[in-house]
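Please read them with the model open.

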Amino acid sequence: MNKLVKSPYVKIILIYVLTQLFTILFPTILFFFLTENVVLEAAIYSQIIAFVVGSIWMFIVNHRSTFNNSLENTPPVPKKNIILWGIAGMFLAYIGQYLAIFIETFLLNIPIGSQNTAGLVDIVNNYPLFLLLIAIFGPIMEEFVFRKVIFGYLFDITGGIGAAVISSLIFAFIHFDGHYLLYSVMGFVFCYLYWKTKSIATPIIAHALMNATVTVANLLLY
């Protein structure tokens, strides 16, 4: 049991779970003592702080630990290529996103709008600092969990395709948005970027750029 807890894979998952639990439990406790408006603000800012701490904690675990799998045992591409692939990955994610939207809309009759995106944009509109969570710290934590840990761990067990499918489906379901194909395709793109460059920094860059541009575009349009 002690060996399991010390596993970097488990540590990353635990950090993610603890961060999510904190963002739920902390405002719930405050609700019994403070007014609704104060609780709302506390919930927003505590969530930002939690994700900042969680991201830093994950970076520390990543720096101090060895993730023993084929992806991590292969040297990454040069830093210049990581940045270039990260930028290109944003466009790949957009292309995949539009294809998924087309299939969902015209073949599966799923409405185009995303409640998840709309809700986040509304929060940023009222609390601009929340953009840091969406554009930086959220992508960092999600890429460590779904690509570095889940995809990386399964890579040698199920193969690259199987690992990408499983991790992308979990990534899709965890967003509770109904657009499972959309999020699965994005997850697949991020898995590809990690596999291609052997660096978790690549999907983090692509994910962060995509989240930032989508959020800012929605703010400007609406």
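1. Helix 3 passes helix 6 in a left-handed crossing. The model is predicted. Helix 3 covers residues 36–64 and helix 6 covers residues 130–173. Their axes lie 9 Å apart, at an angle of about 40°. Angles from 65 to 115 degrees count as roughly perpendicular and those under 35 as roughly parallel. Helix 3 and helix 6 are therefore oblique to each other.

2. Which residues of helix 3 meet helix 6? They are Ile-44, Gln-47, Ile-48, Phe-51, Val-52, Gly-54, Ser-55, Met-58, Phe-59 and Asn-62. On the helix 6 side are Phe-130, Leu-133, Phe-137, Gly-138, Ile-140, Met-141, Phe-144, Val-145 and Lys-148. By class, this contact of helix 3 with helix 6 has 13 nonpolar, five polar and one charged residues.

3. Helix 6 also packs on helix 8. Their axes come within 8 Å and cross at roughly 135°. That makes helix 6 oblique to helix 8. The crossing of this pair is right-handed. Helix 6 contributes Leu-131, Ile-134, Ala-135, Pro-139, Ile-140, Glu-142, Glu-143, Phe-144, Arg-147 and Phe-171. Helix 8 contributes Pro-203, Ile-204, His-207, Ala-208, Asn-211, Ala-212, Thr-215 and Val-216. The contact of helix 6 with helix 8 divides into twelve nonpolar, three polar and three charged residues.

4. Two residues deserve a look in both contacts. Ile-140 and Phe-144 of helix 6 meet helix 3, and Ile-140 and Phe-144 also take part in the contact with helix 8.

5. Helix 8 has a further partner in helix 5. Here the axes come within 10 Å and cross at roughly 70°. That makes helix 5 roughly perpendicular to helix 8. Thr-117, Val-121, Val-124 and Asn-125 of helix 5 touch Val-214, Thr-215, Asn-218 and Leu-219 of helix 8. The residues of this contact divide into four nonpolar, four polar and no charged. Thr-215 is in this contact with helix 5, and Thr-215 is also in the contact with helix 6.

6. The largest pocket holds about 1400 Å³ of space. Of its 49 lining residues, the closest to the centre are Asn-116, Thr-117, Leu-120, His-175 and Tyr-183. Two or more lining residues come from each of helix 2 (8–30), helix 3, helix 4 (79–106), helix 5 (115–126), helix 6, helix 7 (180–197) and helix 8 (201–221). Which helix gives the most to the lining of the largest pocket? Helix 6 does, with eleven residues. By class, the lining has 32 nonpolar, 16 polar and one charged residues. Thr-117 links two of these points: Thr-117 is among the residues closest to the pocket centre, and Thr-117 is in the contact of helix 5 with helix 8.

7. Last, check Lys-198. Lys-198 sits in the loop between helix 7 and helix 8. Lys-198 and Pro-76 are 122 residues apart in sequence, yet 4.6 Å apart in space, C-alpha to C-alpha. Leaving aside neighbours within four places in sequence, Lys-198 contacts Leu-71, Thr-74, Pro-75, Pro-76 and Leu-193.

Conventions
Residues are numbered from 1 along each chain as its sequence is written. This is a predicted model: local features need pLDDT of at least 70, side-chain atom pairs count only at pLDDT 80 or more; totals for chains, interfaces and linings use all residues. Side-chain values use heavy atoms; hydrogens and water are left out. Axes are lines fitted to C-alpha atoms, for helices over the stretch in contact, and angles run from 0 to 180 degrees between N-to-C directions. Helices (H or I, at least four residues) and strands (E, at least two) are DSSP runs, numbered from the N terminus. Angles under 35 degrees count as roughly parallel, over 145 as roughly antiparallel, 65 to 115 as roughly perpendicular and the rest as oblique. A crossing is left-handed if the near helix is turned anticlockwise from the far one by less than a right angle, and right-handed if clockwise. Contact means heavy atoms within 4.5 Å. Ala, Val, Leu, Ile, Met, Phe, Trp, Tyr, Cys and Pro count as nonpolar, Asp, Glu, Lys and Arg as charged, and the others, Gly among them, as polar. On a 1 Å grid over the protein atoms alone, a cavity is a set of points where a 1.4 Å probe fits but cannot get out, and a pocket is an open set with protein on both sides within 12 Å along at least five of seven lines; lining residues have an atom within 4 Å of a point. Grid points are joined across faces, edges and corners, and a volume is the space filled by probe spheres set on the points.
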